[in-house]
Amino acid sequence: MDSFFVNRGKISLLFNSYIFILLFLPVCITGYFGINHYGHYTLAQIFLLGMSLWFYGYFNPGYLVIILVSIVINYLFTLAMDKASTSVIRKTEAVLAILLNLGLLFYFKYYNFFLSNLNRIIHTEFTLQTIVLPLGISFFTFQQIGYIVDTYRKEVTQYNFFQYASFVSYFPQLIAGPIVSHDELIPQFMDISKKQFNWDNFARGIYIFVFGLAKKVLIADVFGNAANWGFGNVIELDTTNAIFVSLAYTIQIYFDFSGYSDMAVGIGKMMNIDLPVNFNSPYKALTIAEFWQRWHKTLTRFLTKYLYIPLGGNRKGTIRTYVNIMIVFLASGLWHGANYTFILWGFLHGLFSIITRHWKSWFNKLHPALSWLITFTFLNFTMVLFRANTITDAITFAKRLFVMEFGPINSNITDSFLLPGIQLLIRYVPLFIYFEYYPTLLLTVFFGGTMTIILGAKNAYEHMLEFRPNAKNFIWISLLLTWSVLSFSSVSTFLYFNF
């Protein structure tokens, strides 16, 4: 069975790939609106479902079995709950459905982690399995758990199978979110007014999609090269280079996740579907609580609605509130991956959240700039844990940060920013020759420019709402799209695909 899930070696059907931009997306949009144009709404929904399954299965055909079985079983449970004759039966069915979902997630994501710890703690010799983590399993599992709970609470109008399956598998949000609730997506699938092509929505969708693509290709992947070298050669880092490497990863994951979120919203908009904003300039946050209101907003919403509030939220006293906060953040850490680094990362975020909540009056007196600096420093430091393979690796990196040895920036870091386009400018534009003679100048431009964007610019969703189709925007987006596509030196996956 394990070999069935081995990657077939295909180039991934990613948003930032030629096959997606030049083939999949045009076919999907043309087919979907073409079928709807003739009034075949159910057939168009089935077509969209088929395209979403093609998108998911292209990575590995074996994944289709997992997601289809999961969809069918969960849908049958919702039907059974609707027909349950007593509340006890209804609750039993809901609990069983949730356990099955968590069991599926446990097997693929945590089984080996559990066995390895069991072997180490009680000296057993269980054999670890070769298990390939299905893409997006954390996302579509949580999405279906939410649907199960809402069905149990009688908050769901029963939908047909194709509507439910499309809700779970809708390709823009399938792999890395947002985690969408049924009432946000399925009614849009049913809305007749959204089934006809809309030039204004299409233009806005293209606009935010291209912004997201540029964030991924021209910023995140570039900083990723520096981060990958640094975390792969920790022992060579002095304090100066460790600071730049940690910042490089902090910036990489920001623009990587922001880029995906923008592209998902953009694709949805092209199809007249409004996806919830999942990323809202989180590094502008002045507190850790505000950060989590801006970063991965739909995960925060899910954990609040389905874990924090059922645990009692803040309704059962201060100590219980702090315990609930810590449980939520530990769950968030574990959700991101089966590794003690993620658990410790979640613990530190929970601890800092409790500290800032307990001494809220003191933190509120801080100057906003100081409050931001404390929050951003904490985020940057904990991102080392998020990136490291083990806690030992994270400690080693932290030691390099605080070794207090300062020196020149390593050429492997500065070379990461010498993009082909910049090399051409260096060759043909005299002013840019300074980037070759002074490589740290280019590094400064990249870091300074990205931090200016992070702190000073509106997010892409706000830009989309203000967007007006005109010649200036057409030229600007065309140039940005061309530059991004020509920079596809290799297809790089989005970081949140690992979660």
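Residues 24 or more positions apart account for 77% of the contacts in this predicted protein model that have a separation of 6 or more. Contact here means heavy atoms within 4.5 Å.

The secondary structure comes to 23 helices and zero strands. Helices (H or I, at least four residues) and strands (E, at least two) are DSSP runs, numbered from the N terminus. Along its principal axes, the C-alpha trace spans about 75 × 60 × 50 Å.

Of the 499 residues, 52% count as buried. Buried means under 20% relative accessible area, exposed over 50%, partly exposed in between (1.4 Å probe, protein chains only).

Helix H12 has its own buried residues: Thr-298, Leu-299, Phe-302, Leu-303, Tyr-306 and Tyr-308. Their cover includes the helices H5, H13 and H14.

| Helix | Residues |
|---|---|
| H12 | 297-308 |
| H5 | 137-152 |
| H13 | 318-336 |
| H14 | 340-358 |

Leu-79 sits in helix H3 (residues 62-83). Leu-79 counts as partly exposed because its relative accessibility is 26%. Leu-79 and Met-404 are 325 residues apart in sequence and 62 Å apart in space, C-alpha to C-alpha.

Residues are numbered from 1 along each chain as its sequence is written. In this predicted model, local features need pLDDT of at least 70, side-chain atom pairs count only at pLDDT 80 or more, and totals for chains, interfaces and linings use all residues, while side-chain values use heavy atoms, with hydrogens and water left out.
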